[in-house]
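Student: I would like to go through the aromatic rings in this structure. Could we take them step by step?

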Amino acid sequence: MVRAKKMLETAKLELWTKQHPQPLKFANSPGGGAYGREVHLPDWVLDTWHPTEKKAYPDYFKRREQRKQEFIERWEKKYGKSGIEPSH
């Protein structure tokens, strides 16, 4: 156990002394310059838009409501009604 501990300490020292002075960090990896810049918003955020904002994209929101209703119907067909009514 003593020998293993000594080997581990030696390996840690060697790793520290031989590391690159400026380690490569990819832009989108943690620590990179672009990490966390692009925020991915969940779909429900669009439900919080004000109706006047939705009027700017009428075709999109019409299709979105249709697809939400289709999803609910497929869900209820497969799993049954949830007992909670969706708010519109």
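Student: Which residues do ring pairs link into a cluster?
Tutor: The cluster consists of Trp49, Tyr57, Tyr60 and Phe61, linked by ring pairs. Please keep in mind that this is a predicted model.

Student: How many aromatic pairs does a search of the whole structure find?
Tutor: The search finds 5 aromatic pairs. One of them joins Tyr60 and Phe61, with 5.2 Å from centre to centre and 85° between the planes, an edge-to-face arrangement.

Student: Is Phe61 buried or exposed?
Tutor: Phe61 counts as buried because its relative accessibility is 7%, and the cut-off for buried is under 20%. Tyr60, with a relative accessible area of 45%, is partly exposed.

Student: What about Trp75 and Tyr79: how far apart are the centres of their rings?
Tutor: The ring centres of Trp75 and Tyr79 are 4.4 Å apart. Their planes stand at 45°, so this pair is tilted.

Student: Where do Trp75 and Tyr79 both lie?
Tutor: Both lie in helix α3, which covers residues 58-79. They are 4 residues apart, about one turn of the helix.

Student: Now to the surface. Which residues form a nonpolar patch there?
Tutor: The patch is formed by Phe71, Trp75 and Tyr79, and together they have about 370 Å² of accessible area.

Student: Why does Tyr79 count as exposed?
Tutor: Tyr79 counts as exposed because its relative accessibility is 53%, and exposed means over 50%. Trp75, at 42% relative accessible area, is partly exposed.

Note on methods
Residues numbered from 1 in each chain as written. Predicted model: local features only at pLDDT ≥ 70, side-chain atom pairs only at ≥ 80, totals over all residues. Heavy atoms only, no water. Phe/Tyr/Trp six-rings, centres within 6.5 Å; stacked < 30°, edge-to-face > 60°. Buried < 20%, exposed > 50% of the residue type's maximum accessible area, 1.4 Å probe, protein only. Helix = DSSP H or I, 4+ residues; strand = E, 2+ residues; numbered from the N terminus. Patch = residues over 30% accessible without salt bridge, like charges linked within 9 Å, V, L, I, M, F, W, Y side chains within 5 Å. Areas by Shrake-Rupley, 256 points an atom, 1.4 Å probe, with all protein chains shown as cover. Salt bridge = Lys/Arg side-chain N within 4 Å of Asp/Glu carboxyl O.
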